[in-house]
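Please read it with the model open alongside.

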Amino acid sequence: MTTASDPSDSAPVLIVGGSLVGLSTAVFLARHGVRCTMVERHPGTSIHPRAVGYYPRTGELLRQAGVEDAAVQEAAGFATHRTRAGVVSLAGEVLFSKEELEGDDDLGDLTPSRLLLLPQDRLEPLLRDRAVELGADLRFGTELLSFAEDPEGVTAVLGDDAGTRTFRSSYLVACDGPRSTVREALKVPRQGRGVLSRHVSIAFGADLRPVLGERRYSVVHVKNDQVTGILVHDDTLSGGTLIVGYRPEDGESLEDFTDGRCAELVGAAIGAPGVEVTIRSRFPWDMAEEVAEGFVHGRVLLAGDAAHVVPPTGGYGANTGIADAHNLAWKLALVVEGVAGAGLVETYDAERRPVAGYTAEQGSLQLALRSGTATPEQRAAVADAVTVTSGQAYRSAAIVEEPGGADLPVASDPRALRGEPGTRAPYAMLSRGGEPVSTLDLFGRDFVLLTGERGREWISAAVSASAELRLKLMARRVVPGTGGGAGTLADPDGTFSERYGGLRPEGAVLVRPDGVVAWRSPGADPQGEETAVLTAVLRKILVRGSRTGTR
């Protein structure tokens, strides 16, 4: 055991679990300059493909973290894997065929990011490398044995091959999956339909080139006399994953899935005699719809599958977990730095729990739709993937709602949103010094204030408020045309004002570090008190009336 004075025995944030969400949390926190330690009981990143698809909004978050380019490059081989199909087998009859995320090519006015297909075992190393590059402390082969919370932080006991040690942090973020030991220790109840079915994912190797030919699938639903399941093949056409169900209530168990049986199931799904199959790994999991009754428990926070389990139909689970990490990271950063009140962390629950409930419900609706059991009412309630992932609306103390503003649902079509407080800041292409710049590339680290061309009073107010609150705040005027001087952004296409709700030349919009609109004023302050107004707005968003965090 190390001594109590060892600096490796403490960090402002301890992350438990090193899968997609834990790694994403480490990346986002480290990018905000927060010293964090992540512990994962397994010796390395996932060896099993698991999650595969990431929607454009997740691409935007990876873009902010400096990971999107590497992920797009790694996923290049999957670019043509866009067809969801139902088959008797890969070599047999095709029962149906549908393009994934239809209309994706029409999203150019909504986002610069695209649907990304990349198995989890290939995305996790990219997140790991970026987290290390940013200074995060990642400890694989290390397990959380116990923890105790007090008003000032969390004391955890960690175990590894060298023994045990005590670790001190201001906050603990539990990203330890659907069977979260942290959530269970807290005795947090979950709501929802519970476990719907039990499954085994079988990662296999096989030469699929003669079977697939020129065809490329994102997801294949297989059904024949020997196997019913879902198959995903990799971009090398040298293997993939087959997901099959089992029923413990009928006496089936995981022990029944020997290498021999798994090879038989994969062979039946391929449907071509003579194809040699090798089994690489097996991963048991439950299809479930469950959401924890609270995501914030004092100094202990739940994220990803520890907070919510979403049926995989629709592919929303990993996307939702990464979005949890993104929402939480900037809040923890400002609280740890002492700039925001501890109450800012509470808004994580207010914002993400309704989204998790909605998304879990959408996953179940997709399950009913794809299984052919959906009622007319269920069919009408199904939302498209872009709405589910990019059209979310938050309501919390970290959002200043507009007087008389529309009461938005949890999610709506982002194409119809116009920068309402609580929603994702709209994408628009501007220019800076003659070079194109996306509004989305302005967000991700600090608060950003954008004003119309006659918004100089708001710019001055931002300077004063930033100094008073010790808050990093970038303020820029957006001017029409291609001109503009230092500290301005040009709007050559004239789309900025319309996309931000008809913002007038004297107006301003405040965007949080997570790219969510926090507040806006359509014009100048009627009393000419821009500094007082903006300072009050920021104080509210930062929950400055509550106890500040711990460094």
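1. Basis of the note. This is a predicted model, in which local features need pLDDT of at least 70 and side-chain atom pairs count only at pLDDT 80 or more, while totals for chains, interfaces and linings use all residues. Residues are numbered from 1 along each chain as its sequence is written, and side-chain values use heavy atoms, with hydrogens and water left out.

2. Helix 1 and helix 4. Helices (H or I, at least four residues) and strands (E, at least two) are DSSP runs, numbered from the N terminus. Helix 1 (residues 20-31) packs against helix 4 (residues 120-133) at an angle of about 25 degrees, and their axes are 9 Å apart. Helix 1 is therefore roughly parallel to helix 4. Axes are lines fitted to C-alpha atoms, for helices over the stretch in contact, and angles run from 0 to 180 degrees between N-to-C directions. Angles under 35 degrees count as roughly parallel, over 145 as roughly antiparallel, 65 to 115 as roughly perpendicular and the rest as oblique. The crossing of helix 1 and helix 4 is left-handed; a crossing has this hand if the near helix is turned anticlockwise from the far one by less than a right angle, and is right-handed if clockwise. On the helix 1 side, L20, L23, S24, A26 and V27 make the contact (heavy atoms within 4.5 Å). Their partners in helix 4 are Q120, L123, E124, L127, R128, R130 and A131. By class, this contact of helix 1 with helix 4 has seven nonpolar, two polar and three charged residues. Ala, Val, Leu, Ile, Met, Phe, Trp, Tyr, Cys and Pro count as nonpolar, Asp, Glu, Lys and Arg as charged, and the others, Gly among them, as polar.

3. Helix 8 and helix 9. Helix 8 (residues 317-337) and helix 9 (residues 343-371) cross at roughly 170 degrees, with axes that come within 9 Å. The two helices are therefore roughly antiparallel to each other. Residues of helix 8 in the contact include W330, K331 and L332, and those of helix 9 include Y348, E351 and R352. The contact of helix 8 with helix 9 divides into nine nonpolar, four polar and four charged residues.

4. Helix 12 and helix 14. How do helix 12 and helix 14 pack? The angle between helix 12 (residues 456-469) and helix 14 (residues 530-541) is about 50 degrees, and their axes are 8 Å apart. The pair is therefore oblique, and its crossing is right-handed. Among the contacting residues are W458, A461 and A465 of helix 12 and V533, L534 and L538 of helix 14. Eight nonpolar, three polar and four charged residues form the contact of helix 12 with helix 14.

5. Cysteines. The count of disulfides (pairs of cysteine sulfur atoms within 2.5 Å) is zero. For C36, the closest cysteine sulfur is that of C175, at 11 Å, which is too far for a bond. C36 is buried, with a relative accessible area of 2%, and C262 is buried at 0%. Buried means under 20% relative accessible area, exposed over 50%, and partly exposed in between (1.4 Å probe, protein chains only).

6. Helix 2. Eight of the nine residues of helix 2 (residues 56-64) are buried, including P56, R57, E60 and Q64. Helix 2 is followed by G66, whose phi is positive, near 75 degrees.

7. Most residues other than glycine have a negative phi. R470, in the loop between helix 12 and strand 22 (473-480), has a positive phi near 55 degrees and is partly exposed, at 49% relative accessibility. V543, in the segment after helix 14, has a positive phi near 50 degrees and is buried, with a relative accessible area of 18%.

8. A174, in strand 10 (residues 163-174), is buried with a relative accessible area of 0%. Its C-alpha atom is 8.4 Å from that of G304, 130 residues away along the chain. Beyond four places in sequence, A174 touches V16, S180, V182, L301, L302, A303 and A306. L440, in the loop between strand 20 (435-438) and strand 21 (447-451), is buried at 7%.
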